[in-house]
Amino acid sequence: MKTILTSTQLTEAITVLVSKINEAHPTLAEVVFVGIQQGGVVVGNDMIVALQQLHASETVQYGQLDITFYRDDIRNEILTPDTMHLPFAIENKTVVLIDDVLFTGRTIKAALDVLLDYGRPAKVELCVLVDRKEHRQFPIQADYVGLTVQTNKADKVKLVNKEVVLISK
Amino acid sequence: MQLSTRHLLGIKNLTKEDISLILSTAAQFKEVLQRPVKKVPSLRDVTIVNLFYENSTRTRFSFELAEKRLSADTINFASSSSSAAKGETLLDTVNNILSMKVDMVVMRHSASGAPHFLAQHIPAAIINAGDGINEHPTQGLLDAFSIQEKTGALAGRKVAIVGDIMHSRVAQSNIYLLKKMGADVTVCGPPTLIPKYIGEALGVNVNYNLKETLEWCDVANVLRIQLERQNQVLFSSLREYSLAYGINRNLLDSLHKEIVIMHPGPINRGVELDSDVADSKQSIILQQVENGVAVRMAVLYLLSGKN
């Protein structure tokens, strides 16, 4: 097991992500943030605190999304869902999806399917803490990336206790 | 987490963990039902037959909606309009249906144990939608879900089950479930409609006095008088039953607290429940129906795995 991001580096990476988003969206009236369960919600929670400090005059809209019922490998294993909570309309909004690790792209594909059952956003952007770029199985890329890492396909990259670790097979 | 069983034949053989898993999954499906698109693709590769050998409105519609909202393909079978009327056996009928590549069977039958019999002979997952006077597990689960939603918990709740306990599969499933989850249960009704040793056998209190029972409970689940299952006279008239065991507004107002009223439907209005009780703020009868779809989605989803 190897640490890719220590908790200090993780905080720094989140600060960088927040400033990138802030640059792209000076005002957040038409922007909502959605963390993907479970790692994306951990990252999202920290990002929203930082974003809220930068935008004291407006309430940052933030929800949590669960893809369990939309997985493409559902018949192999029936998993228990996490909480899904989108307390706002996404119709015609810019949705910033937040996840911890971008790997094959299948989670994001499922998350897009979930989103479209809630409405028709004007635009969807993707923000990830760690990008394992060379292993994509779908044509999906992130708009905001904290760190790009080179990994083997069999490796696991996980967010554990505010650190990002790589577990090699 | 997975269920400990591949069929839902009754609450009797579920663990406490199974019940908690079904109820927490149902809460997520309830959220799905509030979305603009009230549907998920989870079971789009699954075909389900609804095999109803006995009449049903609520349960059949509820299962069918649950299946459709999970994107499953469904076929419906009603015994009156099928080859069963020509004398085909249950096992033959089901094997014929399964040879058309059906993955799950939802089944209601007037014979207690019919789904258990089927589970020993066919490979598909079976969900009991009511078998004779044995069990109606999804009703027990949706009642529990509704109690939990309304009062915040099951453990420690005092639940009264009122009416025809003898002929009621709803009562039996409710009792098994509530006892497993740590609730206190009292059954109440005329002595002729309460099995003699139910107290010892199932660990419930028995009280023949309705007012005392209602004064004790937090929730009263009022059952339908099942005229179709009575082949002997167990009380003299519906009017007399209603006078002793019917719940009306005056009776509720005379209690020292506000209790929650439930009923699995269909209601015999003016017999076990008066309209001004059934339609009152205290009643969660229509919420039970709404929750039924979410609970059945959870059961179908959790039983749809490969093994």
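The expected span of a helix is 1.5 Å times one less than its number of residues. Keep that in mind for a check in a few minutes. What you see above is a predicted model.

Chain A, then. Its open sheet has five strands, ordered β3-β2-β4-β5-β6, and the pairing is parallel. Which strands stand at the edges? They are β3, residues 61-65, and β6, residues 144-148. Each has a single partner strand, so one side of each is left without a neighbour in the sheet. From one strand to the next, the twist averages 25°.

Now look at β4 of chain A, residues 94-102. On one hand there is β5(A), residues 123-131, paired with β4(A) in the parallel sense over eight bridges. Two partners to find on screen. D99(A) has V128(A) of β5(A) as its bridge partner. L102(A) stands opposite D131(A), also in β5(A). On the other hand there is β2(A), which runs parallel to β4(A) and is joined to it by five bridges. Pick out G35(A) there: its bridge partner in β4(A) is I98(A).

How many of the nine residues of β4(A) are buried? Eight are, so the strand is mostly covered.

Next, the helices on this sheet. Helix α3 of chain A, residues 106-116, lies across β2, β3, β4 and β5 of chain A. Its direction is at about 155° to β4(A). Back to the pairing of β4(A) with β5(A), over eight bridges. Helix α1 of chain A, residues 7-24, packs on the sheet and touches β4, β5 and β6 of chain A. The direction of α1(A) makes about 150° with that of β6(A).

On to chain B. It is divided into two domains. Domain 1 takes 16-135 plus 290-302, and domain 2 takes 137-285. Their C-alpha centres lie 26 Å apart. In the contact between them, 19 residues of domain 1 of chain B meet 18 residues of domain 2 of chain B. Which elements give two or more residues to the domain 1 side? They are α1 (16-32), β4 (125-131) and α12 (285-302) of chain B. By class, that side has eight nonpolar, six polar and five charged residues.

Here is the helix I promised. Helix α5 of chain B covers residues 137-151, which makes 15 residues. At 1.5 Å a residue, α5(B) should span 21 Å. Its end C-alpha atoms are 21 Å apart, which agrees. Is α5(B) enclosed or open? 12 of its 15 residues are buried, so α5(B) is largely enclosed by the rest of the structure. Buried here takes 20 or more other C-beta atoms within 10 Å of a residue's own. Among the buried ones are P137(B), L141(B), F145(B) and Q148(B). After α5(B) comes G152(B), with a positive phi near 90°.

Chain B has an open sheet of five strands too. The order is β7-β6-β5-β8-β9, with parallel pairing. At the edges stand β7 (205-207) and β9 (260-262), each with a single partner strand, so one side of each is left without a neighbour in the sheet. The twist averages 25° from one strand to the next.

Let's walk through the pairs. β5(B), residues 158-162, pairs with β6(B), residues 184-188, over five bridges in the parallel sense. β5(B) is also joined to β8(B) by four bridges, and those two run parallel. In β8(B), the partner of A160(B) is A220(B). From β8(B), carry on to β9(B): that parallel pair has three bridges. V219(B) has V260(B) of β9(B) as its bridge partner.

Which way do the residues of β8(B), 219-222, point? V219(B) and N221(B) go one way, A220(B) and V222(B) the other, and all are buried.

Last, the two chains together. What does each chain bring to the contact? Chain B gives 18 residues and chain A gives 13. On the chain B side, α1 and α12 each supply at least two residues. α1(B) gives the most, with four. By class, the chain B side has eight nonpolar, six polar and four charged residues.

One recap to finish. α1 and α12 of chain B turn up on the side of domain 1 that touches domain 2, and on the side of chain B that touches chain A.

Terms used. Residues numbered from 1 in each chain as written. Chains lettered and ligands numbered in written order. Predicted model: local features only at pLDDT ≥ 70, side-chain atom pairs only at ≥ 80, totals over all residues. Pairing = 2+ DSSP bridges. Axes fitted to C-alpha atoms, helices over the stretch in contact; angles between N-to-C directions. Contact = placed C-beta atoms within 7 Å. Domains from an automatic or database assignment. Nonpolar A, V, L, I, M, F, W, Y, C, P; charged D, E, K, R; others polar.
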